[in-house]
Amino acid sequence: MNSLNSVILEGEVISRKETLSEGVSRFNFTVASYRTTKDVNGKQIEVITEVPCIAYGCLAENVKKYATLGRGICEVGRLSGSEGQLSLTVEYVEYKGGLLC
């Protein structure tokens with residue numbers, strides 16, 4: 001049985017690293033997502049979640065060009081990895097400011 005594996009992630013780009021994977025363009029980057037919550041004493045705190053992301057092929061080239069450090073980004077993809085090392089394999093990207101890919 002196939003299970004649904006779809007993730008929507010919005011945040012900002014905090015790291016970038018281009019690599020080649022078996023002759024295919026691959027671009028690794030990390031997105032930080034921020035949210036505000038309250039601790040046990042009622043004090044407001046900011047929680048930061050850093051998610052490693054991977055784009056392949058022409059999407060990797062696009063992300064390399066437009067996903068600059070600090071830029072807002074919204075991605076759709078699927079979780080991949082094993083042994084507690086999960087990452088988001090990106091399938092669609094929308095940049096803050098209106099660029100769709």
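In the predicted model, S82 stands opposite Q85 of strand β5. The two strands concerned, β4 and β5, form a hairpin with two residues between them. Within that turn, E83 adopts a positive phi of about 50°. The pairing of β4 with β5 runs in the antiparallel sense and extends over 10 bridges.

The side chains of R78 and E91 meet at 2.7 Å, N to O. Because R78 belongs to strand β4 (residues 72-82) and E91 to strand β5, the contact ties together parts that are 13 residues apart in sequence. R78 is partly exposed, at 35% relative accessibility.

In the whole structure, three salt bridges were found. Another of them pairs the side chains of E10 and K96, with an N to O distance of 2.7 Å. This pair links distant parts of the chain, 86 residues apart: E10 is located in strand β1 (residues 7-21), whereas K96 falls in the segment after β5 (85-95). E10 is partly exposed at 43% relative accessibility, and a value of 43% places K96 in the partly exposed class as well.

The salt bridge between K64 and E61 has an N to O distance of 3.9 Å, which lies within the 4 Å cut-off. Both residues are in helix α1 (residues 57-66), and because they are three residues apart, about one helical turn separates them. K64 has a relative accessible area of 30% and is therefore partly exposed. The corresponding figure for E61 is 35%, which also makes E61 partly exposed.

Helix α1 has a buried side made up of L59, A60, N62 and V63. Viewed down the helix axis, these buried residues fall within an arc of 165°, so they line one face of α1. The exposed residues C58 and K65 are carried on the face turned away from the buried side.

Two aromatic pairs are present in the structure. In one, the ring centres of F27 and F29 are 6.1 Å apart and the planes meet at 35°, so the pair is classed as tilted. F27 and F29 are both buried. The other pair consists of Y66 and Y95, and it too is tilted, with 6.0 Å from centre to centre and 50° between the planes. Since Y66 lies in helix α1 and Y95 in strand β5, this contact ties together parts that are 29 residues apart in sequence. The accessibilities of its two members fall into separate classes: Y66 is partly exposed, with a relative accessible area of 27%, while Y95 is buried at 2%.

Definitions and conventions:
Residues numbered from 1 in each chain as written. Predicted model: local features only at pLDDT ≥ 70, side-chain atom pairs only at ≥ 80, totals over all residues. Heavy atoms only, no water. Helix = DSSP H or I, 4+ residues; strand = E, 2+ residues; numbered from the N terminus. Buried < 20%, exposed > 50% of the residue type's maximum accessible area, 1.4 Å probe, protein only. Pairing = 2+ DSSP bridges. Phe/Tyr/Trp six-rings, centres within 6.5 Å; stacked < 30°, edge-to-face > 60°. Arc of directions from axis to C-beta.
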